[in-house]
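Subject: Model handover and notes

Hello,

Here is the model for you to look over. My notes follow below it.

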Amino acid sequence: MKIREINAMRGPNYWSVRRHKLIVMVLDLEKMEEYPSNKIPGFTERLKTMFPSMYEHRCSVGEPGGFFQRVEEGTWMGHIIEHIALEIQTLAGMDTGFGRTRDYGEVGVYNVVFSYMEENVGRFAAEASVKICEALIAAEDYELEHDIQKMRELRESSRLGPSTGSIVEEAESRGIPWIRLNKYSLCQLGYGANQKRIQATVTSETSSIGVELACDKEDTKYLLEQAEVEVPRGDIISRESSLEASCNYVGYPLVIKPIDGNHGRGITVDIENYEEAVVAFHAAQEVSRRVIVEKYITGEDYRLLVINNVLVAGAKRTPAHVVGNGKDTVEDLIIEVNKDPRRGYGHEKVLTQITVNELTKTIIKDAGKTLQTVLDEGEILLLKDTANLSTGGTAEDITDIIHPANVSMAERISKIIDLDICGIDIMTTDISQPLSETGGAILEVNAGPGFRMHLAPTTGLPRNVAAPVIDKLFPKQGDTGRIPITAITGTNGKTTTSRLIAHMAKMTGYRVGYTTSDGVYIQNRLLMTGDCTGPSSAEFVLKDPTVNFAVLECARGGLLRSGLGFKNCNVAVVTNVTADHLGLKGIHTIDQLARVKGVIPETVLPDGYAILNADDDLVYEMRRSINCNLALFSMDENNTRIKALQRRGGITAIYENGFVTICKGEWKMRVMRAIDIPLTYGGKADFMIQNVLAAVLAANVQGIRIEDMKVALETFIPSAAQTPGRLNLFEFENFSILLDYAHNPAGMRALKQFSDKLEASHRVCIIAGIGDRREEDNNMIGSIAAEMADEIIIRQDKRLRGKTEEELIKMLEDGIKMKNSTIKTTVIPSEKEAITHAVNTAKKGSLIILCSDVVPDALELVQKFKAQEANGEKIFSQ
């Protein structure tokens, strides 16, 4: 079996609009296509032995054991690999259960689709599941546990930590979108100008001075002392020669710690003599040059969490430890503790497994024990020097018993240090009594405190401490941090429609970011070039903090490769669906293509609008899958679909009596005459009128006034600047050039329809075959060119996309001959040379119709010719 490709969906996609995290593996079964599971001796038994827990897989049978029943009856390896990929993720602590296997459109080739929680784990699971299946087929041993552990490690290396994850989950529950900005914990909540950022539990509103203070234990202690907050006596030194005097000043027992350490690094507690102090001093200096020598406060370790100056949770923390039973060794006790089902690898469960490292061995040795020591009944042995959950510690929620004086003190401390999210470490014998009465003290103030102990304490009530973080970042009721998003898709017209909608929004005062097949624009500035219609380009716009209105062109390629770059939009426009790119990425029929395009309107928010072409059956059918308002546009005001929606009071846009008109119910609001809209070339370009209808409808449902639409339509001029490669007409003294991006039969027909209305004594069409189109598509391009022109020049695309130059030329020539076997045809592979030849041989009054795939290069050359003519230079010979 052979894996052709593995793609990770990260947003709404062809396979599921709701399930965004999917692996799509294109798998060629090769010879195994001839061997379903029931034809392989012993396969079912070996599968059951390796994965007994797969009994829970119901499969299409719909009951436990259903999958095994399918395997016994006989099913193909793609289906089995799907289930293996899901099961090994579950065994690694990532329980995810959606999967499906579908025909790719080639014999023996399948799309194996399954859900994942962490992308790198999902990709690994795809490859591992194939290897596991091959081992089962061959009856070979397989180290399954190695893969399970590898997936755990991959998860821990890339997943969001518990604190960041909880904030993100809380944001999602409120409809706030988010984007991960790096491979660590920096995340964006909301879009564009409305975004907020978090990094672990530090927010974009956290005071940098507060963080600096919290990281400097000397300054923290000084400020708290000045404010009459109980802190332990201490001293700060940087040389060993000062250590003895400091120890004598503070008095034993001591704690020695680095001044700017975190996560318990370099801290030694309960130091009883100078020799221990020297060792602790050097351990602390491995973390920072300056070291705190502080009075060791006896009692229990508490963490109080204050958010937005309000105490929201408290926990008592206990370091990792074991309790003797009079018969088991320390090592056996650790093994027994780790059997607790609540303990897992890293952050996968409520508790973390206790690991025996050099620090643990040192602590055990200092206690006069070894791993083989048998502890007395009830004897407690600490295994770590801090109470962090990440090292195996435990936490008990004590929020409800904190004394009001301690609550007030904690909230006051958060203001003194100036932290919006503040973790305060306290040592005291009784948190239910004021510190002033127990002799307790504030040990530390933490910026970016961990939430795990509060979210899932070992005992006591879990606390949703992420909620107050979101309350602070988005204080307005119902604020989701979104910006208006208009998404446009379709086979043809989507780029022009996108540009026109963006132009209307800009004219209204919005700061617009938009994506097109030409590039990404922020505030009229082209910041990325090339085909930017995929998810990464959409995210580029949505990340930009200056943008408050997004217009996103969405093409099939990016959607099939990794899904959409956003989960929801306010408005979705579908211009049309015609045969294009069929035979690629498993999409072989126009119905499948329509399903791909239909993902976009399915993502519209309930109060938003799906704007569909009522003249296109496939587009109109998309209304059945939407969960939002419907708006329709049509070139025919008497279209029965339009009339039906109007009778229900819906919003439509129609072309009637020469006007572009918006209708609310059956009431008409005329926007402009088509002949007065520059984009339509005096009403000659019907497909441009259709684009205008879609654009004005999108503008209307987003509150843009008709008066502003008119100004925008009047100033949106078809040109190299505003609509590059979309009906760019260049008038020369003796001939004209019409440059367009037409690259499929439907686009060519629209171009012919328009060019037929232009006066010309002779028509020359420059075309190219397209390597990733079907043979019949290239034939059709040749045939339409033969109908359109008196002479044809065949050039070559910059990228052959899997076919040879000779193959593409023949496809076009075959199509040309179908319509006109006598038409003059010239082959000039270079686009530049083909254009130059057409210009240099242009007859007076002729029209050169240039279909270009690299629009910027073609525009540059044509504009160069214009400049030469303006300077009086001769650029043609006839």
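One term before the notes: buried means under 20% relative accessible area, exposed means over 50%, and partly exposed lies in between, with a 1.4 Å probe and protein chains only.

This is a predicted model, in which local features need pLDDT of at least 70, side-chain atom pairs count only at pLDDT 80 or more, and totals for chains, interfaces and linings use all residues. Residues are numbered from 1 along each chain as its sequence is written, and side-chain values use heavy atoms, with hydrogens and water left out.

**Overall**

The protein has 30 helices and 38 strands. Both are DSSP runs numbered from the N terminus: helices are H or I with at least four residues, strands are E with at least two. The C-alpha trace spans about 105 × 70 × 60 Å along its principal axes. Of the 878 residues, 55% are buried. A contact means heavy atoms within 4.5 Å. Take the contacts between residues at least 6 apart in sequence: 67% of them join residues at least 24 apart.

**Cysteines**

A disulfide is counted when a pair of cysteine sulfur atoms lies within 2.5 Å. By this rule the count is 0 disulfides. C532 is in no disulfide, and its nearest cysteine sulfur, that of C554, is 12 Å away. C532 has a relative accessible area of 3%, so C532 is buried. C247 also counts as buried, at 1% relative accessibility.

Helix 16 (residues 466-473) is mostly covered, with 7 of its 8 residues buried. Those are A466, A467, P468, V469, I470, K472 and L473.

R556 sits in helix 19 (residues 556-562). Its relative accessible area is 10%, so R556 is buried. Leaving out residues up to four places away in sequence, R556 touches H581, L584, K585, L593, V596 and K597.

**Helix pairs**

Two packed helices are described by the angle between their axes and the distance between the axes. Axes here are lines fitted to C-alpha atoms, for helices over the stretch in contact, and angles run from 0 to 180 degrees between N-to-C directions. Angles under 35 degrees count as roughly parallel, over 145 as roughly antiparallel, 65 to 115 as roughly perpendicular and the rest as oblique.

Helix 1 (residues 43-50) and helix 2 (residues 66-73) have axes that come within 9 Å and cross at roughly 155 degrees. That makes helix 1 roughly antiparallel to helix 2. F43, T44, L47 and K48 of helix 1 meet F67, F68, V71 and E72 of helix 2. This contact has 5 nonpolar, 1 polar and 2 charged residues. For these classes, Ala, Val, Leu, Ile, Met, Phe, Trp, Tyr, Cys and Pro count as nonpolar, Asp, Glu, Lys and Arg as charged, and the others, Gly among them, as polar.

Helix 26 (residues 745-755) packs with helix 27 (residues 775-788) at an angle of about 5 degrees, their axes 9 Å apart. Helix 26 and helix 27 are therefore roughly parallel. Their contact has 8 nonpolar, 1 polar and 4 charged residues.

Helix 29 (residues 831-840) and helix 30 (residues 855-870) cross at roughly 30 degrees, with axes that come within 10 Å. Helix 29 and helix 30 are therefore roughly parallel to each other. E831, K832, I835, T836 and V839 of helix 29 meet A858, L861 and F865 of helix 30. By class, this contact divides into 5 nonpolar, 1 polar and 2 charged residues.

Best wishes
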